[in-house]
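Please read these points with the sequence and the structure open beside you. They begin with a question and then go through the structure topic by topic.

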Amino acid sequence: MGKINSKDKGARFERQLAGMFRDYGYTEARRTAQYCGNTGDASDVVGLPGIHVEAKHQEKMRLYDWMEQAKRDAAGTGDKPVVFHKKNHAEVLVTMRFDDFMELYREWKAGEDDGGTEDVFSEDCG
């Protein structure tokens, strides 16, 4: 069996991720067309408002490098840098900065206390 092209593997994961977002109701989610890294949007996948998506499908984890890339690419946009990552035959994991997580959690909790949200932290769509 031949070696898998890493760019093809990454593009496949980005399409998979966009599909997962659509499964959760974010119908505008799509992979960006990244020609020479100059698309006007540095996010790998768009359609998740307020989130800069850095998608990585690699066996060797370089999480801090990936987060630095996400932070650089999200700078000045107001979006939270988030790394969606997986390795072969594994589930997708999500990594974000602690302060960003706490801000999102606090907002979700405030909505729950007001009766305005469902229990999304115990829900499983996939």
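Does Y105 count as buried, partly exposed or exposed, and at what relative accessibility?

1. Y105 counts as partly exposed because its relative accessibility is 30%, where buried means under 20% relative accessible area, exposed means over 50%, and partly exposed is in between (1.4 Å probe, protein chains only). W108, by contrast, is buried, with a relative accessible area of 12%.

2. A word on the basis of these values: this is a predicted model, in which local features need pLDDT of at least 70 and side-chain atom pairs count only at pLDDT 80 or more, while totals for chains, interfaces and linings use all residues. Residues are numbered from 1 along each chain as its sequence is written, and side-chain values use heavy atoms, with hydrogens and water left out.

3. The protein has three helices and five strands, arranged along the sequence in the pattern α-β-β-β-α-β-β-α; helices (H or I, at least four residues) and strands (E, at least two) are DSSP runs, numbered from the N terminus. Of the 126 residues in the protein, 30% are buried.

4. Searching the whole structure gives three aromatic pairs, a pair being rings of Phe, Tyr and Trp (its six-membered ring) whose centres lie within 6.5 Å, with planes under 30 degrees apart counted as stacked, over 60 as edge-to-face and the rest as tilted. One of them joins F21 and F84, and it is edge-to-face because the ring centres are 5.4 Å apart and the planes stand at 75 degrees. Since F21 lies in helix α1 (residues 6-23) and F84 in strand β4 (residues 80-86), this pair ties together parts that are 63 residues apart in sequence. Both F21 and F84 are buried.

5. Y105 and W108 also form an aromatic pair, which is tilted, with 5.3 Å from centre to centre and 45 degrees between the planes. These two residues are separated by about one helical turn, because they are three residues apart in helix α3 (residues 98-113). Together with F101, Y105 and W108 form one aromatic cluster.

6. D44 deserves a separate look: its place is in the loop between β1 (30-31) and β2 (45-46). D44 is buried yet has no salt bridge, and the nearest side chain of opposite charge, K56, is 5.6 Å away; a salt bridge is a side-chain nitrogen of Lys or Arg within 4 Å of a carboxyl oxygen of Asp or Glu. The side chain of D44 does, however, reach the backbone nitrogen of A55 at 2.8 Å.

How values were computed: Lys, Arg positive; Asp, Glu negative; His and termini not counted. Polar contact = N/O pair within 3.5 Å; in protein donor to acceptor, adjacent residues only side chain to side chain.
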